Amino acid sequence: MKIIKTANKIASELLNKKKIGFIPTMGCLHKGHVSLIRKSKKKKLLTVVSIFVNPLQFNNKKDFIKYPKTISTDLKICKKNKVDYVYLPQKKEIYPEKKIIIKNKIHFFKKYMEGKFRPGHFEGVIEVMKRLLKHVKTSYLFLGKKDYQQLIIIKKYLESINSKIIVVPCDTIRDTNGTALSSRNKLLDQKSLNIAGRIINFLKNNKNKIIESKNNLLYLKKIKEFGAKKIDYLTAFNLKQLKKTNKPSVNARVFLAYHLSGVRLIDNF
Ligand code: AMP
């Protein structure tokens with residue numbers, strides 16, 4: 001496994017390499033990230049993992065500062081899973097300019113959910129993705145359904161620029177108690193993790209009722225009773241139409257964001 005810290009070096013290492021699988025991450029790796037790595041390895045791709053906590057996608061500075069960092073464990077996990085290259089850039093490799101001007105405009109699916117509650121978040125995500133993809137010229141991009149809205153927006157962005165990159169959507173890996181694995185879980189104690197488990201299991205068991213419900217008040221109340229402080233949204237979307245829905249179907253999915261013990265968690269099911 002090679003650890004590469006500069007844009008020029010990773011670009012030159014990958015030059016003329018054909019079958020590349022790229023897994024962009026913000027580190028603090030867990031089994032969710034590992035499932036993406038394994039999918040790439042299974043396809044026999046030259047597997048590149050990037051670890052970079054992108055300041056541009058944090059609308060809240062405190063959230064950025066307290067984002068967990070476990071770089072030496074991350075590197076061990078990558079090595080154990082036979083990652084070929086870890087791209088570990090400093091901020092100046094990704095954003096060499098003094099003043100960063102975000103040029104991209106996202107037109108699809110961004111006024112809802114994360115786009116609505118985290119202004120500028122997706123612009124920051126697309127900006128870092130654009131730059132990472134300049135350094136890592138990949139054929140396949142592995143993205144988790146844990147961040148489903150992000151997955152759709154990146155896919156649509158790539159389509160809009162006629163990119164040939166194939167996006168591989170990967171299922172959400174969960175803890176035994178039902179919570180989606182997330183780097184942010186590291187910031188929670190066991191009691192809070194248990195609450196998160198109870199919330200997600202309750203919601204999953206009531207998926208169709210939530211989709212059909214007009215205002216979700218009953219479910220919002222229940223989430224608070226479990227121990228959540230604040231709920232940003234609990235919304236059902238039809239993923240084909242990219243519209244809110246009240247009809248259960250294979251394309252209907254419930255999206256959730258809430259705050260628990262000072263940590264903001266998202267999930268969908
Ligand atoms: P992050 O480090 O949070 O930016 O995540 C990097 C990639 O891993 C993204 O494509 C995420 O959607 C994906 N990911 C994060 N958590 C999980 C999970 N529990 N299961 C599957 N994929 C995940």
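Biologist: Is Lys82 buried or exposed?
Modeller: Exposed, because Lys82 has 11 C-beta neighbours inside 10 Å. The cut-offs: 20 or more other C-beta atoms within 10 Å is buried, 12 or fewer is exposed, in between is partly exposed, with C-beta atoms placed from the backbone. This is a predicted model, where local features need pLDDT of at least 70, side-chain atom pairs count only at pLDDT 80 or more, and totals for chains, interfaces and linings use all residues. Residues are numbered from 1 along each chain as its sequence is written.

Biologist: Where is Lys82 found?
Modeller: In the loop between helix H4 (71–80) and strand E4 (85–87). Helices (H or I, at least four residues) and strands (E, at least two) are DSSP runs, numbered from the N terminus.

Biologist: What about phi at Lys82?
Modeller: Positive, about 60°, although Lys82 is not a glycine. Most residues other than glycine have a negative phi.

Biologist: And what is phi at Leu242?
Modeller: Positive again, about 55°, and Leu242 is not a glycine. Leu242 sits in the loop between strand E7 (230–238) and strand E8 (243–244). Leu242 is partly exposed, with 14 other C-beta atoms within 10 Å.

Biologist: New topic. How many residues surround the ligand?
Modeller: 17, with Thr25, Gly32, Gly144, Lys146 and Leu181 the closest. A residue counts if its C-beta atom, placed from the backbone, lies within 6 Å.

Biologist: Which elements give two or more residues to that shell?
Modeller: Helix H2 (31–42) and strand E5 (140–144). The largest share, four residues, comes from H2.
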